[in-house]
There are 4 protein chains.
Amino acid sequence: MSSRTQPNVLRRSVSECLGTALLLAAVVGSGIMGESLAQGNVAIALLANTLATGAALVALILTFGPISGAHFNPAVTLADAVEGGIPWREVPYYLVAQLAGAFMGVALAHAMFGHPLLVASQHAREGFPQLLSEFGATFGLLSIIWGCSRSRPSAVPFAVGAYITAAYWFTASTSFANPAVTLARAATDTFAGIRPQDAPGFIVAQLLGAAAATALCHWLMPASRSVSPDVLVPHAHDTREGGA
Amino acid sequence: MSSRTQPNVLRRSVSECLGTALLLAAVVGSGIMGESLAQGNVAIALLANTLATGAALVALILTFGPISGAHFNPAVTLADAVEGGIPWREVPYYLVAQLAGAFMGVALAHAMFGHPLLVASQHAREGFPQLLSEFGATFGLLSIIWGCSRSRPSAVPFAVGAYITAAYWFTASTSFANPAVTLARAATDTFAGIRPQDAPGFIVAQLLGAAAATALCHWLMPASRSVSPDVLVPHAHDTREGGA
Amino acid sequence: MSSRTQPNVLRRSVSECLGTALLLAAVVGSGIMGESLAQGNVAIALLANTLATGAALVALILTFGPISGAHFNPAVTLADAVEGGIPWREVPYYLVAQLAGAFMGVALAHAMFGHPLLVASQHAREGFPQLLSEFGATFGLLSIIWGCSRSRPSAVPFAVGAYITAAYWFTASTSFANPAVTLARAATDTFAGIRPQDAPGFIVAQLLGAAAATALCHWLMPASRSVSPDVLVPHAHDTREGGA
Amino acid sequence: MSSRTQPNVLRRSVSECLGTALLLAAVVGSGIMGESLAQGNVAIALLANTLATGAALVALILTFGPISGAHFNPAVTLADAVEGGIPWREVPYYLVAQLAGAFMGVALAHAMFGHPLLVASQHAREGFPQLLSEFGATFGLLSIIWGCSRSRPSAVPFAVGAYITAAYWFTASTSFANPAVTLARAATDTFAGIRPQDAPGFIVAQLLGAAAATALCHWLMPASRSVSPDVLVPHAHDTREGGA
């Protein structure tokens with residue numbers, strides 16, 4: 001029995017749902033605003049989109065991390081379960097919450113800009129470079145998360161925000177790196193969209209990248225497992241049930 | 001009796017007034033500078049306005065937070081009073097200080113750029129998407145504040161600065177999210193202005209968003225209330241009178 | 001006798017000189033680079049100049065703060081002496097080091113870009129709005145420094161970097177806020193320059209702003225003086241001689 | 001014998017290799033993306049390149065610092081060995097890992113954007129101002145690292161990221177400041193490239209700058225050596241073998 005009662009799975013699911021919704025609202029909304037103001041200069045629109053997304057991640061992980069771990073990302077939840085973090089029986093709650101939140105966030109962004117709530121995207125993102133980009137982007141994201149959460153958990157919000165800020169620019173796909181985000185962005189025909197038929201390839205590449213990073217980090221950063229239970233589950237220590 | 005004597009309500013009111021004044025000077029002044037230099041590219045002007053506002057918030061909350069809590073925002077002060085933070089008898093001091101500071105800041109920005117001190121804005125901001133944006137922006141802001149102040153109070157300045165940086169871009173209204181800011185920005189006919197007749201709708205939407213976030217977070221993040229008095233009032237622990 | 005031997009005044013003077021030199025190299029060099037690449041869009045040049053200056057301040061204060069306090073600014077050194085921080089007998093060392101470093105930094109920036117080492121500026125910055133801007137910019141800077149150094153000294157590098165980032169945009173003068181910086185920028189005929197005849201007005205306005213902020217903060221934030229010696233001299237605790 | 005078992009040299013070499021690869025992918029990839037979107041405005045392309053590089057450094061040093069020290073830079077490894085940090089017998093492992101990682105990162109960036117894996121650059125970067133820029137950039141970088149790692153090791157990721165963000169703009173060479181980065185950027189004919197024949201001059205200037213900063217900081221910041229073993233090796237305390 002933990003000395004600190006953790007939020008129950010309902011509260012943590014609402015936290016994942018709400019955080020993912022606000023994240024998608026930030027990604028999609030800032031894409032709409034950036035494109036509408038940038039007079040056709042896509043670099044300026046993407047700078048705005050990047051700034052908003054990175055800053056939103058910092059704020060949202062700081063806020064929701066202590067409740068649910070602030071995964072906002074099925075690839076992170078699955079990798080955490082593989083490594084013995086979140087119990088498998090809770091994984092479905094997280095995945096459903098993330099997916100529902102992602103679509104709610106897209107709808108909220110659309111409503112705030114007076115668009116129809118959900119629209120299939122026509123933004124083509126295909127080909128090997130795009131898939132390699134998603135593999136690399138998610139590999140990097142999971143490496144950052146495993147590395148920081150094991151040695152400096154309080155820096156995770158800043159590390160993840162900074163990493164995605166960079167990855168928007170250094171990958172050809174602008175670094176979706178998140179299956180829930182990918183599916184929801186198929187429902188917006190704006191700057192941040194992706195055609196529904198391109199989403200499955202992205203998701204496979206993301207899951208492979210997450211798996212590769214998790215396997216490598218399992219070997220590369222094992223110290224935390226041998227030191228103490230406190231260090232063993234640093235990024236998840238606020239997300240476990242007391243008696244789990 | 002607290003072991004640490006807190007600043008009295010006069011000092012805290014001056015802190016709120018001064019911080020709000022500098023915040024408004026940053027919002028309005030950087031809007032004037034950005035628009036005048038950006039050669040008509042509104043995205044570049046808004047990038048400058050965003051950078052200045054987010055950075056000012058970080059600096060000002062770090063500075064004035066330990067004195068008065070650095071609310072700078074009637075919606076935050078009212079929500080804090082509802083949740084048992086700031087005593088209701090001190091609320092009027094805070095609101096008056098915030099309003100006076102906001103108008104002083106607008107006048108300061110105008111004077112620094114050689115404009116008349118206060119001018120009614122002609123910048124129309126109306127319609128459902130704008131009101132929904134203000135509801136969403138304030139809902140998100142209060143969620144960030146409640147979440148961080150309860151679990152990681154030292155991160156509040158960075159979380160709020162990052163959130164507003166994002167919200168400038170992901171809401172159609174550029175996220176005023178603050179009734180005092182809204183009223184004072186009705187007194188500037190520049191980039192950051194809002195027509196006086198549009199202000200009441202913004203303020204109602206902001207107060208509803210703040211109320212919704214406070215109610216949700218009351219349920220979502222209750223842990224702090226049951227742990228210890230120190231955690232109970234984290235964001236306000238520097239603002240209470242010793243014997244209050 | 002302090003339990004920790006502090007750097008002697010020679011080392012601290014070299015630290016002030018080196019830090020101020022790198023600060024000026026950043027301010028002037030990034031102005032040259034920004035203007036040369038921005039194709040006449042002054043907002044983009046100023047965004048680059050702002051980003052470089054704010055980031056340099058964070059890095060330099062983190063680096064040189066533990067040695068000399070990282071004042072880099074005669075207005076800060078004088079205000080600190082008035083408040084009983086740095087001993088008056090050491091003030092001349094600091095001022096000379098800051099001035100020498102500032103001109104060295106301008107010369108370094110010029111040499112890195114293939115310009116003559118020192119050139120009188122022809123950039124006019126005059127009139128009441130400019131002087132009010134410098135008064136306000138320095139008032140804000142000193143308020144930030146007094147507030148953070150008394151309650152959260154480890155946040156000073158971030159607060160000062162963030163404040164100057166904002167103040168570049170919300171003041172009409174782009175916030176010099178530093179007499180040594182002002183004099184040295186009179187020796188560059190580039191983006192960041194100021195005509196020599198405009199410098200004295202700037203410096204007077206800066207000193208008045210620093211004095212006003214110091215007087216106000218002396219009243220507004222007195223708690224640190226009555227709590228403990230550790231809190232009494234927070235921003236200077238690494239800069240005092242052991243036996244002083 | 002240390003109370004904490006450190007990662008062995010193989011794991012630390014993989015950490016250096018992986019971190020340097022991701023750093024180069026960020027530098028080169030964001031240069032490609034920035035140039036392709038910026039419609040010929042080099043300032044906007046460089047803003048994107050700067051943002052991505054600075055943010056990547058923060059994320060990567062936070063992640064790999066606890067494993068290998070996150071040097072990613074032969075100049076840093078050599079300076080650390082000179083100062084008694086990393087043992088000389090481990091230096092070759094670090095240098096090989098950094099070089100291999102750097103070229104892997106360039107190849108990854110090229111593959112993500114559908115370019116040939118390695119291409120000799122035609123981007124001329126020559127002349128005294130460029131060499132002085134590299135001397136100054138590396139002098140500043142090593143000063144930042146020595147200063148922060150001795151007094152505030154947890155701030156190193158932010159200080160280095162902020163410093164490089166500034167140095168991209170205030171040096172005429174955009175601040176390579178790293179021999180491994182220089183060699184690998186000779187293998188990309190994109191925004192971030194450098195002609196192979198210009199690389200040796202850059203590297204000599206970088207090593208001279210690193211040596212000058214190390215000698216100066218040895219004198220300027222000696223306190224750490226006389227206080228305690230804990231402070232003696234702050235930036236390397238996670239990288240040493242237990243029995244070394």
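Mentor: A residue is called buried if 20 or more other C-beta atoms lie within 10 Å of its own, exposed if 12 or fewer, and partly exposed in between, with C-beta atoms placed from the backbone. This is a predicted model, in which local features need pLDDT of at least 70 and side-chain atom pairs count only at pLDDT 80 or more, while totals for chains, interfaces and linings use all residues. Residues are numbered from 1 along each chain as its sequence is written, and chains are lettered from A and ligands numbered from 1 in the order in which they are written.

Just after helix 3 of chain B comes G84(B), which takes a positive phi of about 90°.

G69(B) is buried, having 28 other C-beta atoms within 10 Å, and although 17 residues separate G69(B) from I86(B) in sequence, their C-alpha atoms are 9.6 Å apart in space. Most residues other than glycine have a negative phi, and most peptide bonds are trans. Against that background A70(B) deserves a careful look, for its phi is near 55°, a positive value in a residue other than glycine. A70(B) is also buried, with 27 other C-beta atoms within 10 Å. S175(B) likewise has a phi near 55°, positive in a residue that is not glycine, and lies in the loop between helix 6 (156-170) and helix 7 of chain B. S175(B) is buried, with 25 other C-beta atoms within 10 Å.

Going back along chain B, the axes of helix 1 (residues 9-37) and helix 2 (residues 42-68) come within 8 Å and cross at roughly 170° (axes are lines fitted to C-alpha atoms, for helices over the stretch in contact, and angles run from 0 to 180 degrees between N-to-C directions). Helix 1 of chain B is therefore roughly antiparallel to helix 2 of chain B (angles under 35 degrees count as roughly parallel, over 145 as roughly antiparallel, 65 to 115 as roughly perpendicular and the rest as oblique). The residues of the contact of these two helices of chain B divide into 13 nonpolar, eight polar and four charged (Ala, Val, Leu, Ile, Met, Phe, Trp, Tyr, Cys and Pro count as nonpolar, Asp, Glu, Lys and Arg as charged, and the others, Gly among them, as polar).

For a view of a whole chain, turn to chain A, which has ten helices and zero strands. Of the 244 residues of chain A, 66% count as buried, and 78% of its contacts with a separation of 6 or more are between residues 24 or more positions apart (two residues are in contact if their C-beta atoms, placed from the backbone, lie within 7 Å).

Between chains, 36 residues of chain D are in contact with 32 residues of chain A. On the side of chain D that touches chain A, helix 1 (9-37), helix 2 (42-68) and helix 4 (91-112) of chain D each supply at least two residues, and the largest share, 15 residues, comes from helix 2 of chain D. The residues of that side of chain D divide into 27 nonpolar, eight polar and one charged.

Chain D can be laid on chain A with an RMSD of 0.0 Å by a turn of 90° and a shift of 0.0 Å along the axis (copies are superposed by least squares on the C-alpha atoms of residues with pLDDT of at least 70 in both). That is the relation of a four-fold axis. The copies use different surfaces, for 6% of the contact residues of chain D recur in chain A. Of the residues of chain D, I44(D) comes closest to the rotation axis, with its C-alpha at 5.2 Å.

Conventions: Helices (H or I, at least four residues) and strands (E, at least two) are DSSP runs, numbered from the N terminus.
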